[in-house]
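Please look over the sequence and the model shown here.

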Amino acid sequence: MTQHAPLANSFRAQPDENGHFGQFGGRYVAETLMPLVLDLDRHYRAAMADPKFHEEFDWLMKHYVGRPSPLYYAERLTETLRESAPEGKGAQVWFKRDELNHTGAHKINNCIGQILLAKRMGKTRIIAETGAGQHGVATATVAARFGLPCVIYMGARDIERQQPNVFRMKLLGAEVVAVQSGARTLKDAMNEALRDWVANVHDTFYIIGTAAGPHPYPELVREFQSVIGREAREQIQELAGRLPDLLIAAIGGGSNAIGLFHPFLDDPDVAMLGIEAAGHGIESGEHAASLAGGTPGILHGNKTFLLQDEDGQIAEAHSISAGLDYPGIGPEHSWLKDIGRVQYESVTDKEALEGFQLLCRTEGIIPALEPSHAIAAVARKAREMDRDQIIIANLCGRGDKDIFTVAEALGVDI
Amino acid sequence: MNDRLSTRFAKCRAEGRAALITFVTAGDPTPGDTAAILDALVAGGADIIELGMPFTDPMADGQAIQLANLRSLGAGTKTADILAIATAFRQRHPETPLILMGYANPMVRRGGEWFATAARNAGVDGVICVDIPPEEDGELGPALRNAGLHLVRLATPTTDDARLPTVLNGASGFLYYVSVAGITGKQQAQQASIENAVGKLKAATDIPIAVGFGIRTPEQAAAIGRVADGVVVGSAIIDIVGTHGNQSAAYVTDYVASLRAALTVKEPVT
């Protein structure tokens, strides 16, 4: 079949050679971009087969990003949840501490991988889209580290609500372009980045921030983020002597979740839960839960679940977390939902804020609003599970960037 | 397969000129205004009409067409309105080929079969889908061919010799050469590079070659018309609609007539 068709009966064998995860994924781009996307695929396969590429990636992960990130047993959170759990219930909660990475989130893992690809391809200019600014900061960081000029597209509305990250990107030498089209958020920033790319294909590499977009992006972003799950799998076996019972991660595009989940997909006793942002509630219509409230469609180069109307016009997403505020989701998650290997639930803005405060007070860790959704789900699930069971949740970002949003939501003037 | 397209290209060839292909966005500024604008295109001498299906996320379009999409969607244009506009156009203009052009998601929302059947029933002759490359042909191509509609493929400056056969496999009606690696409405490519590209395409296929992106003036249209079988003009017409709104028809007719006159002076093929 293909050069990378591995084991039969594996959940880790996707996508096929055309980038399809079941009916999802693919390469839905303008003809101008097709030759470039095919070229990227060739370079990606060559890099994966090249020990030198892995050596350089691993070196940067260790000495620049600060990996491996710890796997941390959250004892006080576990005990706190047990207090309100039925007798004998209250699973052990562990966190994969990717918020301790350089730049404060998991985004840097992917950016290191992609800029190494850009170098191999001889590209001399970097572009990216960003919502909350975390991916923009991570991209600006690696562009500075490798001495390449960098343009970040960011919705004008997101620029207003994420000023600290805008300033960080500028300090790092990036040009931040305010996108005025559409709703002026992440989706529109991605449109504008694609317009830049199509006009500058000869010298420009587009560092997509999540496991979405045309093939091979969903696959290569997953590959670079899978360092999270590979580490966690080793660490939990070393620390607890066994595999976890449940993995939990928040999902916008879904890169931190697929990075944690993928190395465990073929472990039949490990359950997985992806958490979408329910905003004001699924029934309110103001949410970012593409799986719970969307239908399959085609946007930004891939087929996946989308928030859309009956004519295929894309709807605006809503979440208190700018990083989850996107009306689509990575195609592999659409497939994993379809086949039932991963369960998906959602958490509202309000529940995420409770999760945020719970972690601050029980563990002394200020999480980003994105993983605060996962923490709310941890609180929900741990109380239903036995005390000897193990949950690993991905703490994919730190909350410094969100303190203004949280203060406003809690009615505090700072 | 219906052959309004091939009939029209043959007619233009017999007249010794390139076909004039004009683009407008359906429902811009409102669904009710589009019929008059389409009539204005025909009155000005357009040979083939591309009717743009508005989309919330037009990734390959520049500012002019982005704004047209927003105006149209803001006015509440639905897929049903676009099909009704096409149906009515076909009744008024039985001979003028009509192509639906747009992005994949609105086309496949109810399934490729549904869209192909609805488009055929509306009297549409072909479809151009920006973001379904040959690799994803199964999404729409088979359904269109079964319904007797042309699937117009796009070639670009990045389509090299090795890839061209992939693009041509399944292409029909005409081949749309996007002359600029970029978005709609920006600068035009160098005439020499267009001539070179069209020469290569003509050597590789018998279907007509139309050239678009960045063509605004009668002089540009005439120059490209000397080498290509069709000349596509879009953003410049959209700009007129953007400026004059529901009073656009007369301006559109004048502008299109100026393009058509420039094409008509081409010396007959001997």
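## Basis of the description

This is a predicted model, in which local features need pLDDT of at least 70, side-chain atom pairs count only at pLDDT 80 or more, and totals for chains, interfaces and linings use all residues. Residues are numbered from 1 along each chain as its sequence is written, while chains are lettered from A and ligands numbered from 1 in the order in which they are written.

Helices (H or I, at least four residues) and strands (E, at least two) are DSSP runs, numbered from the N terminus.

## Contact between chains A and B

Chain B puts 32 residues into the contact and chain A puts in 28 residues; two residues are in contact if their C-beta atoms, placed from the backbone, lie within 7 Å. On the chain B side, α3 (63-74), α5 (104-108) and β6 (153-155) each supply at least two residues. The most comes from α5(B), with four residues.

The side of chain B that touches chain A has 16 nonpolar, eight polar and eight charged residues. Here Ala, Val, Leu, Ile, Met, Phe, Trp, Tyr, Cys and Pro count as nonpolar, Asp, Glu, Lys and Arg as charged, and the others, Gly among them, as polar.

## Helices α2 and α4 of chain A

Two packed helices are described by the angle between their axes and the distance between the axes. For helix α2 (residues 51-65) and helix α4 (residues 107-120) of chain A, the axes come within 10 Å and cross at roughly 140°. Axes are lines fitted to C-alpha atoms, for helices over the stretch in contact, and angles run from 0 to 180 degrees between N-to-C directions. α2(A) and α4(A) are therefore oblique to each other; angles under 35 degrees count as roughly parallel, over 145 as roughly antiparallel, 65 to 115 as roughly perpendicular and the rest as oblique.

Residues of α2(A) in the contact include A:Phe53, A:Phe57 and A:Leu60, and those of α4(A) include A:Ile108, A:Ile112 and A:Leu116. By class, this contact of α2(A) with α4(A) has eight nonpolar, two polar and one charged residues.

## Helices α14 and α15 of chain A

Helix α14 (residues 349-363) and helix α15 (residues 369-382) of chain A have axes that come within 7 Å and cross at roughly 85°. That makes α14(A) roughly perpendicular to α15(A). Among the residues in this contact are A:Phe356 and A:Leu359 of α14(A), and A:Ile375 and A:Ala379 of α15(A). The contact divides into eight nonpolar, three polar and two charged residues.

Five of the five residues of strand β14 (residues 390-394) of chain A are buried, so the strand is largely enclosed by the rest of the structure. A residue is buried if 20 or more other C-beta atoms lie within 10 Å of its own, exposed if 12 or fewer, and partly exposed in between, with C-beta atoms placed from the backbone. A:Ile390, A:Ile392 and A:Asn394 point one way from β14(A), and A:Ile391 and A:Ala393 the other way.

Strand β4 (residues 92-96) of chain A pairs with β14(A) in the parallel sense over five bridges, and strands pair if DSSP finds at least two bridges between them. A:Gln92 has A:Ile390 as its bridge partner. Strand β9 (residues 246-251) of chain A also pairs with β14(A) in the parallel sense, over three bridges, with A:Leu247 opposite A:Ile392.

## The four-stranded sheet

In chain A, an open sheet of four strands has the order β1-β2-β12-β11, with antiparallel pairing. Helix α13 (residues 331-339) of chain A lies across these strands and runs at about 45° to β12(A).
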